[in-house]
Amino acid sequence: MKILVTGGAGFIGSNFIRYLLEKYNDYQVVNLDKLTYAGNLENLRDIEKDPNYEFIKGDIGDAGLVEEILQRGIEIIINFAAESHVDRSIEDPQVFIKTNVLGTQTLLDAGRKQGISRFIQISTDEVYGSLGATGYFTESTPLAPNSPYSASKASADLLVRAYCMSYGFPAIISRCSNNYGSYQFPEKLIPLVITNALEGKELPVYGDGLNIRDWIYVDDHSRALDLVLHQGRLGEIYNIGGENERTNLDIVKFIVKELRKPESLITFVKDRPGHDRRYAIDSSKLRKELGWKSQTDFQGGLRETIRWYLDNRKWWEKVKSGEYREYYTRMYGNRST
Ligand code: NAD
Ligand code: DAU
């Protein structure tokens with residue numbers, strides 16, 4: 001089986017590629033990634049020489065390149081590639097539309113032309129908007145995105161749906177809640193707080209810190225995607241959630257305590273505009289239809305994640321200093337593809 005994974009040099013994509021290569025020794029994975037600021041080949045250093053793995057630097061919006069890659073016998077596309085940070089989307093939405101909407105459409109067109117057998121669109125629970133104190137997002141909750149990021153992801157989802165309906169395109173959409181784990185870029189809450197605390201820097205908490213997210217360990221997300229990929233029904237949407245609702249403040253306090261740092265580092269800052277109050281996923285469809293179950297309890301997973309950042313200080317120091325961007329040039333600069 002030959003699979004194109006896009007955005008595989010990012011946080012979830014790199015964890016998923018490692019998971020696939022470990023589990024299936026007859027799958028060949030091609031990773032197409034533009035290496036934006038969020039793409040880091042050091043995330044894949046341990047598998048870069050695996051004969052079943054190939055990296056191609058490029059943009060999912062480059063139709064010629066995508067078609068050329070698919071012609072190498074790709075049967076499946078799993079689209080992780082995206083601009084993924086909400087705050088950046090509020091600062092500058094354009095690249096979010098370009099990559100998340102137009103890039104997805106380019107992949108859909110190329111996949112259709114090639115006649116691929118499966119397309120998995122990695123979407124997000126943020127497309128559903130914000131919940132009040134009660135209730136859960138189900139697959140039929142109306143789309144109500146509140147940030148340019150979530151609007152771009154919702155737009156991509158609608159295109160995927162339209163391709164299924166209009167062309168019988170073999171796609172599935174997954175919508176996951178907030179992931180945490182190793183190799184997460186330290187602009188997102190958990191790695192930002194861990195690394196800032198280790199550096200003795202302020203820990204910025206937006207607004208009152210009582211916004212709620214439903215946290216899932218990245219390996220549990222990979223296991224869910226494995227099931228969706230192999231057993232999911234075409235044309236369907238599957239929600240994936242950790243059933244782990246926490247306020248941001250609880251998370252920050254837990255990290256501070258684990259690292260034995262003072263709570264005085266916690267600094268309340270101006271709220272994110274349009275800040276969604278609460279996310280909570282109902283994953284019963286995934287559990288009942290595909291037999292998925294989250295395997296990682298939140299405190300254990302978070303302790304393991306903190307341990308990873310303690311053990312891999314070089315990784316995040318290079319990311320924070322920007323030095324990681326030199327890796328591609330060092331590694332691939334003198335090689336022609
Ligand atoms: P990330 O920002 O860590 O990684 C994104 C990757 O996509 C990077 O390697 C980047 O270089 C690449 N990329 C960006 N634009 C590209 C383009 N035009 N062409 C090719 N590659 C490009 O993101 P992540 O947190 O790993 O998220 C991966 C996917 O999962 C995204 O689609 C995101 O919307 C979705 N998602 C994320 C979460 C989460 O909690 N992080 C939760 C649910 C869904
Ligand atoms: O729900 C899934 C989504 O989770 C994904 O689709 C996104 O790609 C991913 O970035 C994430 O979005 P969030 O906005 O929920 O994640 P972030 O880590 O940016 O923020 C988590 C919460 O913490 C949110 O309520 C904002 C808050 N926050 C964030 C940062 C970076 C702070 O209070 N301080 C911060 O410095």
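User: Which helix and which strand each supply at least two residues of the shell around ligand 2?

Analyst: A residue is near a molecule if one of its heavy atoms lies within 4 Å of it, and helices (H or I, at least four residues) and strands (E, at least two) are DSSP runs, numbered from the N terminus. Here helix H6 (189-198) and strand S8 (203-206) each supply at least two residues of the shell around ligand 2, and S8 gives the most, with three residues. Please keep in mind that this is a predicted model, in which local features need pLDDT of at least 70 and side-chain atom pairs count only at pLDDT 80 or more, while totals for chains, interfaces and linings use all residues. Residues are numbered from 1 along each chain as its sequence is written, chains are lettered from A and ligands numbered from 1 in the order in which they are written, and side-chain values use heavy atoms, with hydrogens and water left out.

User: How many residues surround ligand 2, and of what classes are they?

Analyst: The shell holds 23 residues, and the closest are Thr-124, Asp-125, Tyr-149, Arg-272 and His-275. For classes, Ala, Val, Leu, Ile, Met, Phe, Trp, Tyr, Cys and Pro count as nonpolar, Asp, Glu, Lys and Arg as charged, and the others, Gly among them, as polar; by this scheme, nine residues of the shell around ligand 2 are nonpolar, eight are polar and six are charged.

User: Which atoms lie 2.8 Å from an oxygen atom of ligand 2?

Analyst: A polar contact is a pair of N or O atoms within 3.5 Å; within protein, one must be able to donate a hydrogen and the other to accept it, and residues adjacent in sequence count only if both atoms are side-chain atoms. At 2.8 Å from an oxygen atom of ligand 2 there is a backbone N or O atom of Tyr-206, and a polar side-chain atom of Arg-213 is also 2.8 Å from an oxygen atom of this ligand. For Tyr-149, a polar side-chain atom is 2.6 Å from a ligand oxygen atom. Accessible areas come from the Shrake-Rupley method with a 1.4 Å probe, and for residues only the protein chains shown count as cover; ligand 2 taken alone exposes 690 Å², of which the protein buries 94%.

User: What surrounds ligand 1?

Analyst: Around ligand 1 there are 28 residues, the closest being Ile-12, Asp-33, Ser-84, Tyr-149 and Lys-153. They divide into twelve nonpolar, twelve polar and four charged residues. Helix H1 (11-23), strand S5 (118-124) and helix H5 (148-167) each supply at least two residues of this shell, with S5 giving the most, three residues. A polar backbone atom of Ile-12 is 2.8 Å from an oxygen atom of ligand 1, whereas a polar backbone atom of Lys-34 is 3.0 Å from a nitrogen atom of the ligand. The protein covers 96% of the 830 Å² of accessible area that ligand 1 has on its own.
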